[in-house]
Amino acid sequence: MKPIPANQLLAGLALVGPEPVTAVVTDSRKVTPGCVFVCFPGEHVDGHDYAAAACKAGAAYIVANHPVDGVPEDKLVLVASSHHAMVRMASNYRMLFSPLMIGVTGSVGKTTTKEFCYAVLSAFGNTLKTEGNQNNEIGLPNTLFRLDDATEYAVVEMGMSALGEINRLVRAARPSAGIITKIGVSHLENLGSRENIMKAKLEICNGLPDGAPLVLNADDDLLPTAKLPDRLHPVWFGIDSETADVRAVKIQPEQTCTRFVLSDREHGEFPVTIPTVGLHTVSDALAAYTAATRLGLNPARAAAALSNYQTTGMRQNIVQKGGVTVVEDCYNASPDSMRAALGVLQGVPAKRHIALLGDMLELGSVSEEAHRQVGIWAAESGVDLLIAYGPLSKATAEAAAQKGVTTLHCESQEEVVGYVRQNVHAGDALLAKASHAMKLDEVLSQFYQTL
């Protein structure tokens with residue numbers, strides 16, 4: 001973080017002096033002299049309990065929701081919401097810099113699209129990106145606090161669980177272009193309908209400048225019906241849609257990569273090879289290319305740079321372990337991403353195709369129907385064995401069994417690890433996918449120890 005005067009960083013939150021602030025931290029172990037320590041109350045740990053120690057360690061200011069013993073009044077910044085204060089400080093800091101920035105949101109594919117954007121932008125200069133899943137009202141500010149004078153380009157991911165969140169994030173980030181990947185059913189429990197989910201995602205428009213490119217998925221069933229602000233420039237990408245501005249044609253899937261021709265109405269055609277499998281990743285690559293080129297970057301270089309994509313964590317990462325081909329996709333899950341992942345598994349050469357599928361969370365009233373549909377998709381994709389993990393996934397197992405798939409169902413991690421060890425052997429292909437809270441990464445780690 002570049003040092004910034006305290007009165008500039010905390011503008012709108014408190015009247016303070018001009019002394020330089022060197023960092024904004026939320027972890028008391030990272031407190032350094034001259035930093036701002038932000039207290040977040042949590043279910044298990046309350047940052048206010050560490051505020052006095054942070055003050056003694058040299059924190060210049062403590063952002064808190066209430067007074068704290070041991071924190072002098074002149075160092076205390078009282079706020080109603082630590083989350084909103086974090087976003088406000090990030091917005092103030094962001095004003096110091098002017099990188100070309102892409103903002104990414106959507107129900108499915110945000111992180112993959114963000115990584116494709118990073119691959120493209122990095123080919124043109126020094127680029128900052130959201131690390132991991134830092135896409136909320138703590139994570140996005142932490143990303144913005146990493147901006148410095150050397151940053152030429154940036155890509156930030158924006159997630160949400162309720163209306164208004166993306167509005168706050170995008171007004172802080174102020175990207176030069178926006179991407180909406182897809183409108184799915186994630187967070188349906190909070191928002192009630194896909195139309196409300198689309199409304200929440202469209203809040204990205206509120207932080208874009210006049211004339212900015214708004215990159216949208218033409219293959220999505222809802223996005224083409226959206227009423228978009230006249231002041232923005234919508235650009236559509238897609239695979240199936242013949243009216244899309246940017247399309248992928250002549251798609252040739254291979255074992256570890258996908259080749260296609262990128263057809264751009266404005267710039268022509270380019271051969272592309274991406275180191276991923278699955279049509280959904282082709283779509284994510286198109287979104288990244290479209291945003292970069294509509295910001296003025298060279299289209300041939302942008303198309304070529306898509307090949308530099310690198311997966312992060314256990315997000316559709318294909319690895320070989322003890323003769324087993326494993327599709328690690330443990331970070332998150334929704335019906336759309338489950339279907340896409342099953343398609344990837346189907347394309348992996350193997351003696352048997354085994355799917356380890358866990359619960360999909362936050363689906364609200366459609367949860368049971370969605371889990372049953374995943375079981376049907378598993379059968380249609382030719383899965384030889386389905387291991388369903390979690391109480392919600394019992395419906396997945398039942399639906400797959402009705403279609404003739406051999407199924408196992410379990411509700412404890414110990415049980416699922418045992419099933420995987422007993423049933424997955426050299427020559428098999430294994431897909432592991434569930435919502436992150438199901439901790440399939442831990443299941444795989446224990447499984448790998450036996451190979």
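Predicted model: local features only at pLDDT ≥ 70, side-chain atom pairs only at ≥ 80, totals over all residues.
**Exercise 1.** Describe how helix α4 and helix α9 are arranged, and state which residues make the contact.

*Solution.* 
Step 1. A pair of packed helices is described by the angle and the distance between their axes.
Step 2. Helix α9 covers residues 279–294, and its axis and that of α4 come within 8 Å, crossing at roughly 45°.
Step 3. This angle makes α4 oblique to α9.
Step 4. The crossing of α4 past α9 is right-handed.
Step 5. On the α4 side, the contact is made by T112, T113, F116, C117 and V120; on the α9 side, by T281, D284, A285, A287, A288 and A292.
Step 6. Sorted by class, the contact comprises seven nonpolar, three polar and one charged residues.

**Exercise 2.** Characterise the surroundings of M86.

*Solution.* 
Step 1. M86 lies in helix α3, residues 82–94.
Step 2. With a relative accessibility of 0%, M86 counts as buried.
Step 3. Not counting residues up to four places away in sequence, M86 touches V24, T26, V38, F40, E137, I138, P141, N142 and F145.
Step 4. For M86 and E137, the separation is 51 residues in sequence and 7.0 Å in space, C-alpha to C-alpha.

How values were computed:
Residues numbered from 1 in each chain as written. Heavy atoms only, no water. Axes fitted to C-alpha atoms, helices over the stretch in contact; angles between N-to-C directions. Helix = DSSP H or I, 4+ residues; strand = E, 2+ residues; numbered from the N terminus. Parallel < 35°, antiparallel > 145°, perpendicular 65-115°, else oblique. Left-handed = near helix turned anticlockwise from the far one by under 90°. Contact = heavy atoms within 4.5 Å. Nonpolar A, V, L, I, M, F, W, Y, C, P; charged D, E, K, R; others polar. Buried < 20%, exposed > 50% of the residue type's maximum accessible area, 1.4 Å probe, protein only.
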